[in-house]
Amino acid sequence: MGKLFLSALSLLLLFGSTFAVRSGTASWQKGECQIGNINAQEPSYSIRAEAGETQFWDFKNDEFQCAGVSILRHRIQQRGLLLPVYHNSPVLVYVLKGRGIFGLMISGCPETYESSQQSREQSQEDRSRSFRDRHQKIGESRQGDIVAIPAGAAHWAYNDGQEELVLLVLHDDSNNANQLDQNPRSFYLAGNPGRGQEQQPYREHGSRHGEQQQQFGNIFRGFDVETLAEVFGVDEETARKLQGHNDERGHLILVQRGLQVIRPPLRGEEYGRREEEGYYGGRDNGIEETICSAKIRENLDKASRADIYNPRAGRFSTVNSYSLPILKFLQLSAARGVLYRNAIMSPHWYANAHSIIYVTRGDSRMQIVNHKGRAVFDGQVREGQVVVVPQNYAVVKQAGEQGCEWVAFNTNDNAMINTLSGRTSAIRGLPADVIASAYQISREEAERLKFSRRETFLFSGSGRSSRGRVASA
Amino acid sequence: MGKLFLSALSLLLLFGSTFAVRSGTASWQKGECQIGNINAQEPSYSIRAEAGETQFWDFKNDEFQCAGVSILRHRIQQRGLLLPVYHNSPVLVYVLKGRGIFGLMISGCPETYESSQQSREQSQEDRSRSFRDRHQKIGESRQGDIVAIPAGAAHWAYNDGQEELVLLVLHDDSNNANQLDQNPRSFYLAGNPGRGQEQQPYREHGSRHGEQQQQFGNIFRGFDVETLAEVFGVDEETARKLQGHNDERGHLILVQRGLQVIRPPLRGEEYGRREEEGYYGGRDNGIEETICSAKIRENLDKASRADIYNPRAGRFSTVNSYSLPILKFLQLSAARGVLYRNAIMSPHWYANAHSIIYVTRGDSRMQIVNHKGRAVFDGQVREGQVVVVPQNYAVVKQAGEQGCEWVAFNTNDNAMINTLSGRTSAIRGLPADVIASAYQISREEAERLKFSRRETFLFSGSGRSSRGRVASA
Amino acid sequence: MGKLFLSALSLLLLFGSTFAVRSGTASWQKGECQIGNINAQEPSYSIRAEAGETQFWDFKNDEFQCAGVSILRHRIQQRGLLLPVYHNSPVLVYVLKGRGIFGLMISGCPETYESSQQSREQSQEDRSRSFRDRHQKIGESRQGDIVAIPAGAAHWAYNDGQEELVLLVLHDDSNNANQLDQNPRSFYLAGNPGRGQEQQPYREHGSRHGEQQQQFGNIFRGFDVETLAEVFGVDEETARKLQGHNDERGHLILVQRGLQVIRPPLRGEEYGRREEEGYYGGRDNGIEETICSAKIRENLDKASRADIYNPRAGRFSTVNSYSLPILKFLQLSAARGVLYRNAIMSPHWYANAHSIIYVTRGDSRMQIVNHKGRAVFDGQVREGQVVVVPQNYAVVKQAGEQGCEWVAFNTNDNAMINTLSGRTSAIRGLPADVIASAYQISREEAERLKFSRRETFLFSGSGRSSRGRVASA
């Protein structure tokens, strides 16, 4: 029963349509989710910065508007720092590549990471410095992690690895937690983000340039320097630095000599072992079990944690509010799928969520069908592309010759999947006689239809049907 | 206090209006719920099928748009089967007439109805067949039942009775559970619904024909036949049958020799006794107490379960999330009213819900008043008509010479009624001196106003005032 | 963790914008919360009545539309009675001045205040009268109280003090509990509110007069007199009185000889003592602990209950769903701030709420900054003015020479504040090295930035930066 009470979020009501009718235009077919075609989307522009770039998908596309989300991808170089920022909507991050550290700053949470002289691993120089510092805790993340960030919570990230750190970021702009309008907004606490940076439209079709861009800036610029000096108790020159007027580095900056922060020693890089203990180590007492110590990270990539596994077809893992409770607050969840060569994920629909799919490796043919029984998408989806599957729309995936891996963000903290074929499918739940009558087939055929596929929802495939047609209009 | 936490759902914000102002039109009076007049509505068109027809109310009428709901009525002949279907919004069904069986298919729920050779009631032929079948549980319903169906949950229904099965269906399109826009959508899993069927507009005023129709189709048609054959492990001919291309039967089909399903034996049709045990028999252990075994049906008609009863005026029964917990998830509830000849239901308003009223027998004069103190409806409502009473609007019902019976769907899982006269009314809660001052009457008159009517909210009536005027504009 | 689950309410989606794009207009910058400038607002018109006047802020201003709220102020003379009324949205009232009594009428709650002959304090005349009366309980309120009223709950108020009673009223029109559109609506149960009254526009800029007015009337006027007579069991003359056709007193009426109601004796006006016991006296048994006896009032003014206190800067008090549980249902909260001469409230943002600020005494310079880093407001706010701070926008307050006091309504039952400077600030949570890198300053400067201000978020000020510029466009 519990499953039932995880209510969906976004209310996408037909206001455009309502208005249109009132003003005499016959347009009942229009509306936020009157989607004629869905496309596999790539980023439409990017913003470069000193230590990397951020690539934006065009959130004004019909399917993103319907789902009420926006998507972007940070590419952060080694020793690159994403400046502190907060957003008007809850955010899910998937680490596509690399490793990093990050911090969430929540007013009122204690600064629990304190420097001390006992720390063995710090150099003489560090010791004297860190002696005087203390800050809120710091998390680690690496490829395959999902990180959940509440609306309005400031955070930063830093690439402390040996390769590029690539983050895929979903903003759930239509989430209840966002009381502003559906436009994505980013409030930076530093720098000169987006200004003076070269903006790169990828294609001409992105057209109305400038308009389509996400809007953000450094909030300190809106305050008076004199006021800033006073509230921070510093001189005006330092206060002016907060505003970053002449900062040409953008929102991703390079920390030349590497970032020095206080954090627990890793036992010889035994990253795998540490994460078993939960995000911030053990939970010692009741006092710490607040939002300040909430677990906000979960690895989705490990094969050993698969929820569905078929050695001939692939695996499927989910993270929802049962495995990561903060997702109940964010009303979001995520899934990770791996299909082997030519394998198929059963046709299915989500009862209570939109699903935003990003292919991380290989390719897949996808067919997406609306309520009229029309394919709004039928084509290949390749690595790096995003496809939105609206709530209730039916979809089937067939991996190509290289197999296919993807991550999906779902707009419900416990997205309920319904399959059409396989061992747990809706069709299996039907009496054979209903099937025989509905499809005008014999009982023997009906039984075959129900019971032929014994796999749950990842099926081994022949490859016969996985070569998709070109996406049809 | 608990009562308080059942929060209402739909957010009907004034976007049309907002937009209008921005574009220069002065139209603050416009908006989703700026309703000049409410009308008693009848179906505006119907879709015929082999085994009956479905009649649709025009969901684009102002009052349905304000309430964010759509209404339809299935008339299913004997041995008629409503093909498996799911919707983008939660659904409440009221069985107006007849009896039937139905199934809800939820992915992952076990197929708990299994055939076995011990089954005494099956013929030799059935036995061999059913030996190989198993399916999810099946429910029964009969006149007076409310059945609750979550958004995105596939279901079917079958008329196994001796007369027509008539179902009144409410879709709560503006429910939080629907993340698409407010248009009603039906996703069929079989057949050729709505295509090739004769569509019957009832009146010319329905005008913009085609546009106003609900949209639905068989989702299998959007998939490639080759893909379907592969995912079901059947040949392409069978797969093609799933798409129902040449099926002329529509969404309601006739099962000529009657539907054979596995279900527990009825003890000599002792339907009344069985339902005491809960919907799906006893709850044996903890494992089954999940969404898979949630009770989704409740009979509203039995006089013995009335919540309010006045032997001289009538009775009133409600089903809400206390009596049927799944309604907490759907955020809907229902009520059934019976008024005897000339009896009156006290003027009242719902604090937290729209109320969608369908008259099942007799007729009633209704007066509905908005916040300006203007009657937006004053007229007779007859059997088969629907009236929407928006949240907070005040309404009074006076039964005609034949009495009046109705069912009401409310858009809150615990709709809170406030009456203006009678033993539990708001006026009763006022100090007599407030009444005397407010209405400029003596204290004696104030006391009479408070205490004259000792009944709760169903009043015996003289019939003097029950002959309504024609609905005034 | 509990803190996390207090989810925000309003969904302000970009429909105007969506529609505009569909119809060819390039207007992605438009939308409910695309606010170019915020202004300190004063009432734009008022409605006079016999016993006072009600002053309305123009709810169609961009900032009120973004926040989805409307604001008004009742000025009720001594012995003035606000006629019984209910609204389509939850309401928070702050008592600016004076004292009064009020009643909330909830259908089904018992009439627990009964008259009896033992009552020592009543005169002979009163005794005979009150012997026959009983009504729902009555509450008291005085300056500094917050009173919470659920949507659709009828209520009245009466000035029983020795001076004017001034009430500041917030309607949360975009609250989930309101299923109508976002327009504020008031349903009066008596009188002739707003009709025949002189309406006073304060300024020409209020322009489109008539349109902008809140709409309300006496709901009894929409009912047939004959029907009213029957449902109340009174003659038609009395019934006609309910409609108040010739009542010229408006919505605030004068009770010439004072209102006589039944209520517990005050022990020599020991108001302070009584309120410790909870709103309606002790809670004797389980039966009364329902919505009928929910506490709906809390005093925010007492210095002794301050949540934040700095003897050199001021104090800050909040009332949320932890201190007043009914606010969980209303999804609203409130705060009261007092800044001494030249003191400063740290720059901050609310993660999950809009904040509607009303200055009750003195003045303050405020700077409000949006996500682009632009000041949408920079100016003085004086006593009696309202400023809306949208969710996530950063704001700083600097009291003037006279200090500043204010009350703030927040659109979340547990609004989460994030500060930029001070002991619990986001900046404090950052590692010093992140600060040094982000702002291109030395570690010493970074440490000064973090640790200079040791106060929580109310800072003593020099007054240097508190003389604001004129609000810039």
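**Reading salt bridges within and between chains**

Modeller: In this predicted model, A:Lys450 and B:Asp133 form a salt bridge whose closest N and O atoms are 2.7 Å apart.

Biologist: What is the general idea behind such a pair?

Modeller: Side chains that carry opposite charge can pair when their charged atoms come close. In the present case, A:Lys450 belongs to helix 10 (residues 443-451) of chain A, while B:Asp133 sits in the loop between helix 3 (124-130) and strand 8 (134-135) of chain B, so the pair joins two chains.

Biologist: Are A:Lys450 and B:Asp133 buried or exposed?

Modeller: A:Lys450 is buried, with a relative accessible area of 2%, and B:Asp133 is buried as well, at 3%.

Biologist: Which residue forms a salt bridge with B:Glu140?

Modeller: That partner is B:Arg263, with 3.0 Å between the closest N and O atoms. The pair links distant parts of the chain, 123 residues apart, since B:Arg263 lies in the loop between strand 16 (252-254) and helix 6 (271-274) and B:Glu140 in strand 9 (residues 138-142) of chain B. B:Arg263 is partly exposed, its relative accessible area being 30%, whereas B:Glu140 counts as buried at 8%.

Biologist: How far apart are the closest N and O atoms of B:Asp160 and B:Arg263?

Modeller: They are 2.9 Å apart in the salt bridge between B:Asp160 and B:Arg263. Here too distant parts of the chain are linked, 103 residues apart, with B:Asp160 in the loop between strand 11 (154-158) and strand 12 (165-171) of chain B. B:Asp160 has a relative accessible area of 19% and is buried, because the cut-off for that class is under 20%.

Notes:
Residues numbered from 1 in each chain as written. Chains lettered and ligands numbered in written order. Predicted model: local features only at pLDDT ≥ 70, side-chain atom pairs only at ≥ 80, totals over all residues. Heavy atoms only, no water. Salt bridge = Lys/Arg side-chain N within 4 Å of Asp/Glu carboxyl O. Helix = DSSP H or I, 4+ residues; strand = E, 2+ residues; numbered from the N terminus. Buried < 20%, exposed > 50% of the residue type's maximum accessible area, 1.4 Å probe, protein only.
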